[in-house]
Amino acid sequence: MANSCFCWQVREATSNDPWGPSSSQMADISDLTYNVVACNEIMTMLWKRLKDDRNWRHIHKSLTLLEYLLKTGDDRVLLKMKDNIYIVKALTEYRFVEKDGKDQGANVRDKAKVVLVLMEDDEKLKEERAFAVKTREKTSKSSGGQSPCPSAAFT
């Protein structure tokens, strides 16, 4: 599978469209984090998106995806995030006011704080990951548990 495939999925999930990433998009990307190469590509693209301060939706959706990946992805996600924690910390002060005066930066600041708690509080992250596993088991039993990405290794 080409590297661009992983980047494409992240770009799609973190686009400028006025809706958030779908749960199926996030689940597919989360599954891919268990593949070392895919995880590196995914995280590289997410860091690019988080630094795109002209597009608040890229940032907000990337934080939404990162929160999901922390809860359901490979442990590698947290390790890679800790190397770049300064980016998330900076986003707790993010400012973006649209032409109509609406402060879209507030959404980013709030989401960055949620992600930061998961990154810094090991107990909280452990609880959230345990809850995510239980939730995923329940939903996979009801949906048949088929993954669209058979090459991803699961734990």
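**A helical chain and its nonpolar core**

Tyr94 is buried, with a relative accessible area of 7%; here, buried means under 20% relative accessible area, exposed means over 50%, and partly exposed is in between (1.4 Å probe, protein chains only). Phe96, at 21%, counts as partly exposed. This is a predicted model, so local features need pLDDT of at least 70 and side-chain atom pairs count only at pLDDT 80 or more, while totals for chains, interfaces and linings use all residues. Residues are numbered from 1 along each chain as its sequence is written, and side-chain values use heavy atoms, with hydrogens and water left out.

Back to the rings. Rings of Phe, Tyr and Trp (its six-membered ring) pair if their centres lie within 6.5 Å; planes under 30 degrees apart count as stacked, over 60 as edge-to-face and the rest as tilted. By this rule there is one aromatic pair. The ring centres of Tyr94 and Phe96 are 6.5 Å apart and their planes are at 10°, so the pair is stacked.

Zooming out, the chain has eight helices and zero strands, with helices (H or I, at least four residues) and strands (E, at least two) taken as DSSP runs numbered from the N terminus. Of its 155 residues, 43% count as buried. The chain exposes about 8,800 Å², and carbon and sulfur atoms supply 53% of that; these areas come from the Shrake-Rupley method with a 1.4 Å probe, and for residues only the protein chains shown count as cover.

What about the inside? A nonpolar core is a set of buried Ala, Val, Leu, Ile, Met, Phe, Trp, Tyr and Cys residues joined through side-chain atoms within 4.5 Å. The largest one has 37 residues, and Ile42, Leu70, Met81 and Leu91 have the most contacts inside it. Helices H1 (3–13), H2 (23–32), H3 (36–50), H4 (56–72), H5 (75–83), H6 (85–91) and H7 (105–120) each supply at least two residues of this core. The largest share, eight residues, comes from H3. In soluble globular proteins, nonpolar side chains tend to be buried together.

Two residues show the contacts (heavy atoms within 4.5 Å) up close. Not counting residues up to four places away in sequence, Leu91 touches Leu50, Ile59, Leu63, Val108, Arg109 and Ala112. Lys71 sits in helix H4 and, leaving out residues up to four places away in sequence, touches Leu118, Glu128, Arg129 and Ala132. The side chains of Lys71 and Glu67 are also joined by a polar contact of 3.1 Å (a pair of N or O atoms within 3.5 Å; within protein, one must be able to donate a hydrogen and the other to accept it, and residues adjacent in sequence count only if both atoms are side-chain atoms).
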